[in-house]
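Please keep the sequence and the model open while reading.

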Amino acid sequence: MSAEGSGQVLGALPPRRIPEAYVRAEVACFPLTHLEAFRRSVMVLEPWLDNRAGQPTRGLWRECEKSLSEHASGWSLDRLVAVRDFFWFIHPGGLGARPSERGVSLCGYLRHLAMAHLERRSGVTEIAQSTTAEAVEALAHYRWLTFALPEDLLLSALPVSPPATRVNIEPPLLVRHLLDRGVTEIHHHIGAGMDFPLMWASLLSTLGEPGLERDALRGPGLPFGDEGRLLDWLLAAAVARCVLAEFLLRGGEGTLWDFVRDLGHSPSWRWLPRWWRVLARTLRALAWGQEGLLPEFEELRDLYAALHPMASHNASEPPETLDEVWRRCDPIALRLRLNKPNAGERWLVRNALSWMEHQERLQATDKSFCRVFWQALRIRCLCYRAFVQRPMTAGLQWFLRFYGRLHSFRGPLRAARAEASYYVAGGNQPIAALEVRTSPAEDPMKLAEELWRMMGSWRHVLRQTGSGCGGQAPEFGVVLHLTKSRDPSRHWLAGAPPAFGGGSYAEPHPRGEMRMGGRFADYHTSQSTKVQALVDLLRAVPLALWLVRGLDVASDELGVPTWVMVPLYRFVRREAARVAVVSSARSPPPLRMTAHVGEDFRHLMEGLRRIYECVHYQLDRTGGRLGHATALGVEPRMWAESVGAVMMPAEERLWDLVFEWRLYSRFRLPPELWVEAPPGRPQQVQNAIRELSELVFGRDFQPPVLAEAHHVLHNLWCPPLAKEGAEVGLDAFSRAFQRVDWLQVQSHRDVWRILSKYRESESVYLRGQKLVDIALDGSEVAALRAVQDGMRRCVAARGIVVEVNPSSNLLIGNLLDLRNHPILRLFPPQSQEGQPPPVPIAVGADDPLTFSTFLLREYSLLHEAAVGAGYPERVVHEWLATVRQTSMDARFTVPWRPTALGMAEELLESLGDYLMKPSSGLRAPPSRSWESYGSLAGPPG
């Protein structure tokens, strides 16, 4: 008998296996990227793994085995050892050669790692197709490798001249088709709109700011602990980079310690003794990975600030173009006057590797230089893994930790963000349109300032690209996203959430305090300030509607329910429509709406319910888009088998069941939302609703009453149940019941009682937080399949487009393999008989840095997924051509008339007038330009 028919719990079935490519990547990168390698200061990988002093390979391997044993399900030790031997010990002189008796130096290890995955080509290189890894999908292996360590490190390690600067993994015919016909980036968060080399340059500048705070990099899950010690080590590595570069520039004669010792006595450097002592302690601490030897944070910060002559200037007058960023932010690029992307880091790695290999040939290796270099490089790799989301950390709460770490280090990029986003989104290829997302400020002047800066940066893009893609200038637009948050004290982000939702915005009276307005009143008030600032700006500068193209809600999806967001959306949409008819607005297209939804869920039914609430109440038949919405495409049986059982708060389970009952009973729903119930399921749902309502509300309410309450809750601000013209803010939120026409509400007395208790009763809230355990049996799977099919039909019927972000979905959704991606079910490359209508799909990269990706790579990953799933190449190309066209058709940006550059100038002028900026526009170049700095490690004395 099938699991569906027997009611068998599916959790006992084997889960999906961890990807082989992930395990290989982690083993391969362990000597460079793991904290244990740093603490042991590993210099040589010794193949015999004995316990001799100075040979820490044995301990490193034991830590690697322990680390991977938690994830590598199904891997025997023999398989792990084989992967270790392949990457750690085979000499780069040739595959199959025995390792040297002296072990493999890290130079040889890194060279071998690079050449095992990349062709030895200058400029644009490709994935190597001549290795054993290639037999098991070389592209997939390389992709997982780039989640494990920075891609630019592999490029710098390739022994070719000129150096390799980019890896081309995109199918050439696909890329040509995309670029010729125009491709648009429709989902791009500008806060992470950079690649890691750009972020690293920005970080190197931020570290040199005199005002850098000790707590700029704190939080759960960071290397070296939660208290910010990673920041100390980043400062130490930044100082070491300066010294290593200067040592190489001066010929690399003698040892690094001799060079450092001479600094203290050189009259041309004028080092104060205390600064020299700080430098010496810093290098020794780094060389041996000894935290106890590190100087104090303030000493490290002040020393590096003196070594980076432009850092303070970059803080007050940030670079306005990418060229300036590359010149001014990395002190090595500044010293050498390099202006190419990542030129400073590439110069250091290539020259250091060449110098160490030369020393090895002479058998005169300077261990002090090697030790400091590799330790500094490990700190950079650890930083990469702190910023780029790690595999096996599914869910938005994990993502928020990675994304939040960027905040303090992107300041030097703030004046060039639009240009950075454009070139990162396209991988330095011209794209047709770019939508960037950012959170609105609480003050209209601050919001106008941010938009003005973006326009200045975008004007530079337009001047560079000219007519751009397809003979037209690229389009640009800003989507302002409201940010969901779990609690005002940010306990969740700090990794210390109180039990049972205590202190969250959802709690009506946290710790006995009175919260005016009940649940989510504080959150709603804080977001009301932001939407009011947006509306005030649009009223003052109506032309800004050509730039501000949409409203979104993002971040912690489970933290705030849809009904709290509905009035905010309606207010902005209504006021933007009023502004659009003003003559000075020049007849802009309507402001568009989208929302991140259905990406994070405990139970798949919860994800589907939130999509329903967004589609039915928040977008309200206005079309628009859904961000991610992976719950629409996740295969229910596979999900149930991999999860087994779900534990969730009782009130959330109750609303899930009420939603399910509404679909079966067609309660206040249009025909496109009607769902045929699986046999026997309605009675199960009704019984569970009665039990849970008794638990949460203390009374056995019938499903129709709770369904009406669910409907009214989302219509508190919406005609015809409520009066038109409601504002936002605490007063409007707390008095929402007074605007409802209760005569139109079925069972209005019970509904009023339910909603009043739900919003204002602390005891109801606490009972609702009781956890219920749900076995994912055959009945649950059948219900999920029916509801999911119905929701997909609804989304397709309404023409709502789903924004797909493959790398983001892979990591946050824990898909493990892109062949499991929901897009292959939502919009299959070939039609499938008996399946719901395909759902329109658009593709974006989401957060390029956090997910180590960009737009064209996302298309190539979908290509890989479809081909790997067995679809013919021709079919896959036609499929992606349709996805590309849907993305273009669903974009929120519009062409600027009469010319893009002319509109950019007008927007700059209008925003500048509002801000009372000088008529000359953006600031003049600084009088003290970067060219005036001639020495990297200038005297701090």
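Leaving aside its neighbours within four places in sequence, which residues is Trp896 in contact with? The contacts of Trp896 are Met455, Trp458, Phe476, Trp546, Leu547, Met903, Ala904 and Leu907, where contact means heavy atoms within 4.5 Å.

## Basis of the values

The model is predicted: local features need pLDDT of at least 70, side-chain atom pairs count only at pLDDT 80 or more, and totals for chains, interfaces and linings use all residues. Residues are numbered from 1 along each chain as its sequence is written, and side-chain values use heavy atoms, with hydrogens and water left out.

## Nonpolar core

Trp896 is also among the residues with the most contacts inside the largest nonpolar core, together with Trp88, Trp374, Phe476 and Leu626. This core has 313 residues. Helix H11 (residues 229-249) gives the most to it, with 16 residues. A nonpolar core here is a set of buried Ala, Val, Leu, Ile, Met, Phe, Trp, Tyr and Cys residues joined through side-chain atoms within 4.5 Å. Buried means under 20% relative accessible area, exposed over 50%, and partly exposed in between (1.4 Å probe, protein chains only). Helices (H or I, at least four residues) and strands (E, at least two) are DSSP runs, numbered from the N terminus.

In soluble globular proteins, nonpolar side chains tend to be buried together.

## Aromatic rings

The whole structure holds 33 aromatic pairs. In one of them, the ring centres of Phe399 and Tyr403 are 5.6 Å apart and the planes stand at 35°, so the pair is tilted. Rings of Phe, Tyr and Trp (its six-membered ring) pair if their centres lie within 6.5 Å; planes under 30 degrees apart count as stacked, over 60 as edge-to-face and the rest as tilted. Phe399 and Tyr403 are both buried and both belong to helix H20 (residues 396-404), four residues apart, about one turn of the helix. One aromatic cluster is formed by Phe247, Phe259, Trp355, Phe369, Phe373 and Trp374.

Two arginines sit over rings. The charged end of Arg405 is over Phe402, 4.8 Å from the ring centre, and Arg759 lies over the face of Phe737 at 5.3 Å. The criterion is NZ of Lys or CZ of Arg within 6 Å of the ring centre and within 35 degrees of the ring normal.

## The sheet

An open sheet is formed by eight strands in the order S5-S6-S7-S8-S9-S10-S13-S14, with parallel pairing. Two strands pair if DSSP finds at least two bridges between them. Strands S5 (184-185) and S14 (841-843) are at the edges; each has a single partner strand, so one side of each has no neighbour in the sheet.

Strand S7 (residues 475-484) has nine of its ten residues buried. Six bridges connect S7 to strand S6 (residues 433-438), with Arg437 opposite Val479. Seven bridges connect S7 to S8, and Leu480 has Leu551 in S8 as its bridge partner. Strand S10 (residues 625-628) is joined to strand S13 (residues 801-804) by three bridges, and Arg625 has Val801 as its partner.

## Helices on the sheet

Helix H25 (residues 604-619) packs on the sheet and touches strands S8 (548-555), S9 (592-597) and S10; its direction makes about 165° with that of S9. Axes are lines fitted to C-alpha atoms, for helices over the stretch in contact, and angles run from 0 to 180 degrees between N-to-C directions. Leu604 is part of H25 and, at 0% relative accessibility, counts as buried. Beyond its sequence neighbours within four places, Leu604 is in contact with Ala631, Val634, Pro636, Trp639, Leu784 and Gln788. Leu604 and Pro636 are 32 residues apart in sequence and 7.7 Å apart in space, C-alpha to C-alpha. Glu606, also placed in H25, counts as buried at 0% relative accessibility.

Helix H37 (residues 873-890) lies across S5, S10, S13 and S14, at about 85° to S14. Thr886 is in H37 and counts as buried at 19% relative accessibility. Leaving aside neighbours within four places in sequence, the contacts of Thr886 are Val801, Pro840 and Ile841.
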